[in-house]
Structure formats: C-alpha cells, structure tokens
Amino acid sequence: MSELSIQNIITQAEQQLLSPQTFYSLCAKYKQHFSQSKLYFLQPNIQDFQISDFTETELQYFFDWLAVYVRNTEEIGKKQTFYLQKCTKYASKKALQITKTKPFFSSSPVQKIKTKIIGCGMIGRVAKVKINSKKIAFKAFFDSHFVWHHGTWSEIPTGIYLKAQNVTKDVPEFLFAGADWAVWEWISDRETPHMRTGENYTRFAQKHHLTQFNPLNLSNYNAHQIRLDIGGVQKEYFGRRIIDFGKTIHFYSQQAKKKGVVYLLRHFIQYRLLRYGFPRLLQQMIYSYRLSLPTLSSHEKQQT
C-alpha cells in the first residue's frame with residue numbers, strides 16, 4: 001500500500017488507458033487508506049493564468065468552490081464575475097474569500113474571474129471560465145461516486161492518457177482536475193485542426209485499438225470538427241457494445257430513481273437529441289444488419 005500514491009496513479013494513467021472501474025478503484029483505495037476527501041490530478045500552471053499572487057493550492061481551492069456553484073446553476077448562459085481575495089493575515093488556504101463584488105480599499109491581492117454556464121448533460125455542467133487572458137472549459141460532475149463509461153472516472157484518466165501521448169490535434173488538451181471537476185483548454189469555433197500540434201486521435205485510436213468518435217453527435221464538435229467532449233473513449237474488446245448498453249440502462253435507471261422519470265424525459269425530448277437519435281438508431285440498425293449477413297468464403301467470392 002505504501003506504493004499507492006496519486007503520482008503513481010497518474011503515472012499508470014499516462015502509460016495506459018485505464019478503464020473507469022480500474023481508475024475509480026485505485027482512487028478509492030487511496031482515499032480510504034490515507035483518509036483523504038480531496039484528490040487532485042495534475043497541477044494548474046500558474047504562469048498560464050498570469051497569476052503571481054496565488055498558489056496552485058489556492059487555485060484548486062477556488063475550483064472546488066466553483067464546482068459547487070456550477071452544479072447548482074441551472075440557467076444556461078448565466079454570466080457571473082467572481083473576485084478571489086487573498087487574506088494575508090491567515091496562513092490557511094481556507095482564508096481565501098470569494099465574492100461577487102469587487103473589494104474596495106483592499107490591501108491584499110485580488111483576482112478577477114469571469115464565468116459563463118455554456119452547457120449541461122446528464123453527467124455534469126460546463127462553464128467557460130476566463131482568468132486574465134486565459135479561457136478554459138470547466139466541467140463539474142454531478143455524481144462522482146457512480147462509475148460509468150462517461151463521467152468523472154472515464155474522462156479524467158482519458159484526458160491524462162491522451163495528454164501524455166501528445167494527442168491534441170483534434171481534441172482539447174486536458175489541463176488538470178479534482179475528483180469531481182475537470183479543466184480543459186477552451187476551443188473556439190474559429191480554431192481549426194491545422195492550427196494545432198500533436199497527433200490526430202483517429203490515427204492514434206486505430207494504432208492502440210481505442211473506440212472511434214461518434215460523428216453524429218454534432219453538439220460535441222466545434223465548427224471545424226474538433227471534438228469538444230472525449231467522454232466514452234475506451235479500449236475496444238469483444239462484447240463491448242452489449243456491456244456498455246447494460247451499463248447505460250443501469251445508469252439511467254439510477255438517474256430516474258434519484259431525479260424522477262419526468263426529469264429524464266425532459267432531458268431526452270429535445271430537438272437536438274431527437275435530431276441525433278434517429279440517425280444514430282438507423283446507423284445501428286444498418287450495422288446490426290450487416291453483421292447478420294452470411295459471409296462468403298474465398299471460393300464463393302471467386303464464383304460470384
């Protein structure tokens with residue numbers, strides 16, 4: 001157990017794509033053994049944000065707080081400015097003060113942070129955050145205890161793995177995360193794949209037997225086909241679709257119990273989801289039909 005550390009978990013995630021179950025199990029063992037309630041994966045780069053008066057730990061504390069705000073803010077498009085004030089007379093990180101109004105006559109450092117709620121799904125809510133000139137995508141997960149092929153325990157190890165493998169050509173770069181929130185680079189609709197460095201995900205997935213992206217889910221791509229959400233990436237294996245289908249049914253049944261069937265229906269009966277759902281269903285029917293067709297032997301092919 002002495003070898004179990006966050007850094008060792010991150011190292012494993014960098015070297016291979018850990019399944020959500022494996023990643024969750026490692027993190028759960030660490031939390032139980034060391035009685036830790038907070039986990040952080042990678043560290044924010046203070047220089048990227050042009051912040052000199054606040055530490056990485058203080059910035060992580062702010063994102064812990066921001067995750068609660070984002071989870072509880074249902075209004076899409078809602079903008080809010082926060083002011084992070086450092087109280088120098090206390091040594092504790094909890095002495096940081098977060099306000100919605102700018103402090104006047106403050107002798108301690110103050111950092112302005114702008115937020116905008118931009119989207120919401122079944123597993124979390126996303127905000128666009130601007131700190132000085134740096135824009136980031138901040139995702140707060142609703143339930144970090146439920147293990148699924150989307151969500152916390154899938155997206156964070158996937159982000160760590162692809163970042164370590166330099167796969168950034170057509171996906172956002174994973175920056176850092178806590179146990180129930182994750183920070184990614186912000187990709188605007190004006191950004192195109194040829195402007196970016198790194199390896200293309202499609203080629204990388206073929207080499208390493210990973211699942212392909214679903215091109216029908218248009219809301220997950222920017223205007224130049226850069227994938228904004230990498231949820232669901234996993235290793236291909238025999239029977240994966242059947243197992244994933246079972247996990248999906250279990251996930252949504254749990255959501256129905258917690259939030260009600262009406263909430264679930266309201267999420268799915270939307271124009272953009274219906275526009276995606278029917279072509280996706282047709283695609284799956286064609287795929288299943290092709291699998292059911294008898295395969296010809298090489299001799300039979302020559303005869304035809």
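In what order do the 8 strands of the open sheet lie?

1. The order is 1-7-8-6-5-4-2-3, and the strands of this open sheet pair in the antiparallel sense. The model is a predicted one. At the edges of the sheet are strand 1 (40-41) and strand 3 (97-99), each of which pairs on one side only.

2. Strand 2 covers residues 79-85 and is mostly covered, with 5 of its 7 residues buried. Strand 2 pairs with strand 4 in the antiparallel sense over 7 bridges. Gln 85 has Val 110 in strand 4 as its bridge partner. Strand 2 is also joined to strand 3 by 3 bridges, and these two strands run antiparallel. Here the bridge partner of Tyr 83 is Thr 99 in strand 3.

3. Next comes the pairing of strands 4 and 5. Strand 4 (residues 110-120) and strand 5 (residues 124-131) run antiparallel and are joined by 7 bridges. Within this pairing, Thr 115 stands opposite Val 129 in strand 5. When tracing the strands, keep one rule in mind: in a regular strand the side chains alternate between the two faces of the sheet.

4. Helix 3 runs over residues 56-72, and at 1.5 Å a residue its 17 residues should span 24 Å; the end C-alpha atoms are 25 Å apart, which agrees.

5. In soluble globular proteins, nonpolar side chains tend to be buried together. The largest nonpolar core in this model has 35 residues, and those with the most contacts inside it are Ile 9, Phe 23, Phe 41, Ile 156 and Tyr 201. At least two residues each are supplied by helix 1 (6-15), helix 2 (20-34), strand 6 (134-141), helix 4 (152-164), strand 7 (174-178), strand 8 (181-185) and helix 5 (201-208). Helix 4 gives the most to this core, with 5 residues. A second, separate core has 27 residues, among them Val 70, Phe 82, Ala 127 and Val 129.

6. Which residues does Tyr 201 touch, not counting residues up to four places away in sequence? They are Leu 162, Val 167, Asp 170, Val 171, Leu 210, Thr 211, Phe 213 and Val 233.

7. The structure holds 23 aromatic pairs. In one of these, Phe 63 and Phe 138 are stacked, at 5.4 Å centre to centre with 20° between the planes. This pair links distant parts of the chain, with Phe 63 in helix 3 and Phe 138 in strand 6, 75 residues apart. Phe 63 counts as buried because its relative accessibility is 0%, and Phe 138 counts as buried because its relative accessibility is also 0%. Trp 148 and Tyr 252 form an edge-to-face pair, at 5.8 Å centre to centre with 75° between the planes. Trp 148 lies in the loop between strand 6 and helix 4, while Tyr 252 lies in helix 6 (residues 240-259), so the pair ties together parts 104 residues apart in sequence. Trp 148 has 5% relative accessibility and therefore counts as buried.

8. One aromatic cluster is formed by Tyr 40, Phe 49, Phe 62, Phe 63, Trp 65, Tyr 69, Phe 82, Phe 138, Phe 176 and Trp 181.

9. The side chains of Thr 192 and His 194 are joined by a polar contact of 2.8 Å. Leaving aside neighbours within four places in sequence, Thr 192 is in contact with His 224 and Ile 226.

10. Gln 50, in the loop between strand 1 and helix 3, has a positive phi of about 55° although it is not a glycine. Gln 50 is exposed, with a relative accessible area of 54%. Asn 166, in the loop between helix 4 and strand 7, is not a glycine either and has a positive phi of about 60°. Asn 166 is partly exposed, with a relative accessible area of 44%.

Note on methods: Residues are numbered from 1 along each chain as its sequence is written. This is a predicted model: local features need pLDDT of at least 70, side-chain atom pairs count only at pLDDT 80 or more; totals for chains, interfaces and linings use all residues. Side-chain values use heavy atoms; hydrogens and water are left out. Helices (H or I, at least four residues) and strands (E, at least two) are DSSP runs, numbered from the N terminus. The expected span of a helix is 1.5 Å times one less than its number of residues. Two strands pair if DSSP finds at least two bridges between them. A nonpolar core is a set of buried Ala, Val, Leu, Ile, Met, Phe, Trp, Tyr and Cys residues joined through side-chain atoms within 4.5 Å. Buried means under 20% relative accessible area, exposed over 50%, partly exposed in between (1.4 Å probe, protein chains only). Contact means heavy atoms within 4.5 Å. Rings of Phe, Tyr and Trp (its six-membered ring) pair if their centres lie within 6.5 Å; planes under 30 degrees apart count as stacked, over 60 as edge-to-face and the rest as tilted. A polar contact is a pair of N or O atoms within 3.5 Å; within protein, one must be able to donate a hydrogen and the other to accept it, and residues adjacent in sequence count only if both atoms are side-chain atoms.
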